[in-house]
Every structure is written in structure tokens, then in C-alpha cells.
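Subject: Structure handover

Hi there,

Here is the structure I promised to pass along. Have a look at it first, and my notes follow below.

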Amino acid sequence: MSDAVLTEVGDGVAVITINRPEARNAVNGAVAKGIAGALDELDARKDVSVLVLTGAGGTFSAGMDLKGFLTGDSPLAEGRGFGGIVERPPAKPIIAAVEGYALAGGFELALACDLIVASSEAKFGLPEVKRGLVAGAGGLLRLPRRIPYHAAMELALSGDHYPAARLAELGLVNRIAEPGEALSAARELAARIAENAPLALAATKRVIVESPDWDGAEQFAKQGEIINPVFGSKDAMEGAAAFAEKRRPSWSGE
């Protein structure tokens, strides 16, 4: 990983930190490639079940690095798109830990995550329309699937900033933390998730993400393709044995 993106792994949880606080963690080529590389590595590691994405220096991300963009520094990573995540998020569950601002592409990074933990002082928004631009990194695609249609329209068309509390009311933010404690709260949530079987977690996420596009007649067949291997896994046997023996399971990811 480059210095623009830092990773830390422990107890089944990996924290990916955008490390450009001097630029409010604006996304440039180094950030996009760094996040993409981290996701590639961490998705393949058996000692990691859950990911957390955050920003250094008290803010999540102010979006695309416009100065870099003007000099030809692309904020895209091949195969994963803007920020190295929006077009192909990780197979494993990922939580956004948001302090300060998650604006424009920064908000779209958070929307590419499966859960959002935010500081009570955090602000979110898609201000592209105020700059004559359009939120093209997944914001307009994901937002109407996450919150009610009219609320999504207001947020996208106004370009205004919205507090974390309002997005929690709309069901987009999972948990509100005290200022400065978003990462700690996200780690706690990640630790709870990481106690569960990794194959089951990945399959569960995949069904939830992919099933909205399935035809009704094929839903259970497509779900079966994803979940049936889990039922035949070593972890499924371990889970049943641990329950019967009244002990904590020891997952192998197999």
C-alpha cells in the first residue's frame, strides 16, 4: 500500500484508512489504487472477515481531488472504478466509519460500503449539481435503494449537506457515535460481525446485494447457488458442533 492508504489488521477486522488529511482525504490516483490493492489483498486473506473504511485527520473524504484531476491524475482504479471501490466493492462486509465530511465522491465511497457508522457531527452530501457536475460514482444509483425516493431526490438535487442524525432517521446510517469515536464504534460493530463464520458472512452479503436484480421465479435457485456450498462447509459442521458442545466455534473459512 502507498502512504496515501494505510491498512491495519487484527482479530478478524481490517481497517483501511485514507491518509491524506492535508487534502481532506480527497481521492486521487494514489488513493484509488491504494484502496483497490487493499481490497484485493484483504478479500483473499483468511484471517480477515470484516473491513472498515475511514479517513485520517477527523474527516472521511471530501470527494475527488479536483486539483489532481485538472493535472490528469485519475481517481479511478482499473476494475473497481472511482476510489478503488465503487464499481466493485469487496466480497466481505465493509463498514464506513465517518467523521467530519463525506461529500461528493466521499459520500459515494460510504455508499459503496454495507454499513455506516458516523460521528454525530458528520455531514453528508452530493454537491456535484452546485458545481455543474453529476454524481457519477454510484451515488445516484445507490441512494434511491437505501433511502426513500423523495428523500434521495432532495439530497441529490439540492446538493446540500445533511447531518448524520437525519440520515440515521432515513435508515442510511446504522449508528451514531460521539465526535471522534466513529472508528471505535465501527470497530465494535465489526468485531461483533467478525465473531461469525466468514463463508456465511460473505454469502449473506452476496445474496442481499445481488437479489434485488433477480427475477421472482429464479430467486431461490440463484440463492441456492450461493448458499449451498456454505451448508457443506467445514465451518457449518463446526458451528453445529460448537452449539451442541456449548463452546465458541473456531472458524477455518473452509
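On the surface, a patch of negative charge brings together Glu121, Glu178, Glu181 and Glu188. Patches here take residues with over 30% relative accessible area and no salt bridge, joining like charges within 9 Å and nonpolar side chains (Val, Leu, Ile, Met, Phe, Trp, Tyr) within 5 Å. A salt bridge needs a side-chain nitrogen of Lys or Arg within 4 Å of a carboxyl oxygen of Asp or Glu. Charges are placed at NZ of Lys, CZ of Arg, CG of Asp or CD of Glu.

This is a predicted model, where local features need pLDDT of at least 70 and side-chain atom pairs 80 or more, while totals for chains, interfaces and linings use all residues. Residues are numbered from 1 along each chain as its sequence is written, and side-chain values use heavy atoms, without hydrogens and water.

Glu178 sits in the loop between strand E11 (175–177) and helix H7 (182–194); helices (H or I, at least four residues) and strands (E, at least two) are DSSP runs, numbered from the N terminus. Glu178 is exposed at 58% relative accessible area (exposed is over 50%, buried under 20%, partly exposed in between, with a 1.4 Å probe and protein chains only).

Now the backbone. Strands E1 (residues 5–10) and E2 (residues 12–18) pair antiparallel over six bridges (pairing takes at least two DSSP bridges), and Gly10 is bridged to Val13. Between them, Asp11 has a positive phi near 55 degrees and is exposed at 79%. Asn25, in the loop between E2 and helix H1 (29–44), also has a positive phi near 55 degrees, but Asn25 is buried at 0%.

Best wishes

Terms used:
Accessible areas come from the Shrake-Rupley method with a 1.4 Å probe; for residues, only the protein chains shown count as cover. Lys and Arg count as positive and Asp and Glu as negative; His and the chain ends are not counted.
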